[in-house]
Amino acid sequence: MVVDWRSLIDIGACLPPLPRARGTGRAPALVLLPPQLREHDMRRALKMGAEDYAVSPISALELRWRLGRLLTPPPAMPVRHGAWSLHPATCRVRVDATDDDGGALHEAELTETEFSVFSLLLEGLGRVVTRQQLTAAATLPSMSPDSRALDTHIYRLRRKLPLDGSRGLRLQSVYCKGYQISATTVRQYATA
């Protein structure tokens, strides 16, 4: 979305809520500023939340470059935790081989919801993540407290990933609170 500063002033100096093509969030905005913008107006412009600004007049080449940069999402870098690596761009989780499991590699493709829930659990490693936090991560806002939807996603995570402690992570439910992922060692797993 390309918006001229003067037209924003006419509509109340806030970016219009133009949705993205996939319906998730607001479309990225480029605001064109006049060449002699006062400092006070510049501060207002920068607080509007646009992803980029340019001074008009702008060349066609620069406009194409800026729009291309806005429309190209940054590559999601894999997140590592020990032998585990999470690949946000593909919603894949990979567990590298260890000597204890005979060199086996485990890789699973998760749904976006499962990936969001697993990522949040891993961010809270060693802490209880509440059902409300997991519900928000799973984008299940209309879920009632009695719903089993979250439990279904957790069940699917357990089926797809080795979260029994044998690969360094154990997923446990915490009664009436939520779920927790804990780091384990092979020795802990063998005695459990």
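The structure holds zero disulfides, a disulfide being a pair of cysteine sulfur atoms within 2.5 Å. Cysteine 91 is buried, with a relative accessible area of 11%, whereas cysteine 176 counts as exposed at 68% relative accessibility; here buried means under 20% relative accessible area, exposed over 50% and partly exposed in between, with a 1.4 Å probe and protein chains only.

This is a predicted model, in which local features need pLDDT of at least 70 and side-chain atom pairs count only at pLDDT 80 or more, while totals for chains, interfaces and linings use all residues. Residues are numbered from 1 along each chain as its sequence is written, and side-chain values use heavy atoms, with hydrogens and water left out.

The structure also holds one aromatic pair. The ring centres of tryptophan 84 and phenylalanine 118 lie 5.7 Å apart and their planes meet at 40°, so the pair is tilted; rings of Phe, Tyr and Trp (its six-membered ring) pair if their centres lie within 6.5 Å, and planes under 30 degrees apart count as stacked, over 60 as edge-to-face and the rest as tilted. Because tryptophan 84 belongs to strand E5 (residues 84-87) and phenylalanine 118 to helix H4 (residues 112-123), the pair ties together parts that are 34 residues apart in sequence. Such helices (H or I, at least four residues) and strands (E, at least two) are DSSP runs, numbered from the N terminus. Tryptophan 84 counts as buried at 1% relative accessibility, and phenylalanine 118 is buried too, with a relative accessible area of 0%.

Among the buried residues of H4 are Phe115, Val117, Phe118 and Leu121.
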